[in-house]
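User: Got a model here that I'd like to walk through with you. Can we start with the terms and then go residue by residue?
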Amino acid sequence: FTSMQTDSVSPNLIVCDSYLPGIPALVRVELLNQDGTINRDLWDAEARLSVTDNPNISLSTDQVTMYNGLGSALVSFNGSGDFTLNVEVNGMNISKVLADLSGEPIQTVSGQLTESQTWSGIYHITGGDFRIPEGVTLTLNPGTLVLVDGVSSGSDGTDIDVAGSIQSLGTAESPVTITAYSPGRNWGELHHDNAAPSTFLYTNINQGGNSPRVGHSNSGPAIRASGSTFVFEHCSLTDNAGKIGHMTSGCDLTFRNCLFARSVMGPEISGTALLFENGWITDMHANDDADGIYIHGQQAGQQCALIHGVVANTD
């Protein structure tokens, strides 16, 4: 990274350090105080994206709308070659080099895992729903790109069915991404059914939700879960054809420093414990119903807590 800052606030850029031409990537921009917290006093701002050193690259959008110090956009990088992405907001700049992955191998997987595996690089899930059975763990190393087959509409996008566990171990410098193999063809859902606990760190989950419709908003979730425990930290769940999640029947959810954006609605939860801390919910627009988050009753002994959150620009 390179950055320019004032005495009190500096920009932070969370984006993968590599890209596949034409595959949209999540760009998340934050303005941080000296203690590392996001500066929420900046209610509205516009961050501008540009490429400084490769004229072959064009961006599908060059604008990121900021709400209370944080904003995001799903951006396609079209062209070829490594390049430097620059972000300017309120006179401050930060940049990052993104490497072109066009020459890297893509591992094709289908069916189910028969034993625990660790993935690094690019993986394409195809040939129908993919299963992680009980007792099996899929670990995703920093920078792993998981591309899942999708459909242009309806509920038949490919699902990842989990009875075991996913440990997605992205970092601020190199997030993990789970997204659609073909732009405009959303995949289905992560489906955890009485699964082992899963952890998602610095993970972008995008372009899901062409899955069976359920619950409020009558839309497909990107994450469907029952009886399962999740921890999400510094994750961005955005740009889905349906709702972000549908979690029921004894789930235990922790979201810290996470972003929900640009979907039919946020998560719908019932019979489920929730901690949503230092999170952002933005840009939910749909005829039915564009809720930021929908919380039904909990089971005995469960609690739902929403602490230090921002909700902005939802219907």
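Analyst: Terms first: buried means under 20% relative accessible area, exposed means over 50%, and partly exposed lies in between, with a 1.4 Å probe and protein chains only. This is a predicted model, so local features need pLDDT of at least 70 and side-chain atom pairs count only at pLDDT 80 or more, while totals for chains, interfaces and linings use all residues. Residues are numbered from 1 along each chain as its sequence is written, and side-chain values use heavy atoms, with hydrogens and water left out.

User: Is serine 76 buried or exposed?
Analyst: Buried, because its relative accessibility is 12%.

User: Where does serine 76 sit?
Analyst: In the loop between β8 (70-75) and β9 (77-78). Strands here are DSSP E runs of at least two residues, and helices are H or I runs of at least four, numbered from the N terminus.

User: And what does serine 76 touch?
Analyst: Gly22, Ile23, Pro24, Ser58, Leu59 and Ser60, leaving out residues up to four places away in sequence. Contact means heavy atoms within 4.5 Å.

User: Now histidine 124. Which strand is that in?
Analyst: Histidine 124 is in β14, residues 122-125. Histidine 124 counts as buried because its relative accessibility is 10%.

User: Which residues are in contact with histidine 124?
Analyst: Beyond neighbours within four places in sequence, Ile106, Gln107, Thr108, Val109, Leu147, Asp149 and Tyr181.

User: Switching to sheets. In what order do the seven strands of the open sheet run?
Analyst: The order is β15-β18-β21-β24-β27-β30-β33, with parallel pairing. The edges are β15 (130-132) and β33 (294-295); each has a single partner strand, so one side of each lacks a neighbour in the sheet. Two strands pair if DSSP finds at least two bridges between them.

User: How many bridges pair β21 and β24?
Analyst: Four, in the parallel sense, between β21 (190-193) and β24 (221-226). Histidine 191 stands opposite arginine 224 in β24.

User: What about β25? Which side chains point where?
Analyst: The side chains alternate along β25 (229-233). Phe230 and Phe232 point to one face and are buried.

User: Which strands does β25 pair with?
Analyst: β22 (198-201) runs parallel to β25, joined by four bridges. Phenylalanine 200 stands opposite phenylalanine 232 there. β28 (252-256) also pairs with β25 in the parallel sense, over five bridges. In that pairing, threonine 229 is opposite aspartate 252.

User: On to charges. How many salt bridges?
Analyst: The count is seven. A salt bridge is a side-chain nitrogen of Lys or Arg within 4 Å of a carboxyl oxygen of Asp or Glu.

User: How far apart are the closest N and O atoms of arginine 262 and aspartate 239?
Analyst: They are 2.7 Å apart. Arginine 262 lies in the loop between β29 (259-261) and β30 (265-269), and aspartate 239 in the loop between β26 (236-238) and β27 (243-248), so the pair ties together parts 23 residues apart in sequence. Arginine 262 is partly exposed at 23% relative accessibility, whereas aspartate 239 is buried at 16%.

User: What does lysine 243 pair with?
Analyst: Glutamate 268, at 2.6 Å from N to O. Lysine 243 is in β27 and glutamate 268 in β30, so the pair ties together parts 25 residues apart in sequence. Both residues are buried.

User: And glutamate 277, what's its partner?
Analyst: Arginine 256, with the closest N and O atoms 3.7 Å apart. Glutamate 277 is in β31 (273-277) and arginine 256 in β28, 21 residues apart. Glu233, Arg256 and Glu277 are linked in a network of salt bridges.

User: Last topic. How many cavities of 30 Å³ or more?
Analyst: Two. On a 1 Å grid over the protein atoms alone, a cavity is a set of points where a 1.4 Å probe fits but cannot get out; lining residues have an atom within 4 Å of a point. Volume is the space filled by probe spheres set on the points, and grid points are joined across faces, edges and corners.

User: What volume does the largest cavity have?
Analyst: About 120 Å³. Its lining includes Cys16, Tyr19, Ile23 and Pro24.

User: And how much space is in the second largest cavity?
Analyst: About 40 Å³. Among its lining residues are Ile132, Leu138 and Leu190.

Methods:
1 Å grid on protein atoms, 1.4 Å probe; cavity = no way out; pocket = protein on both sides within 12 Å on 5 of 7 lines; lining within 4 Å.
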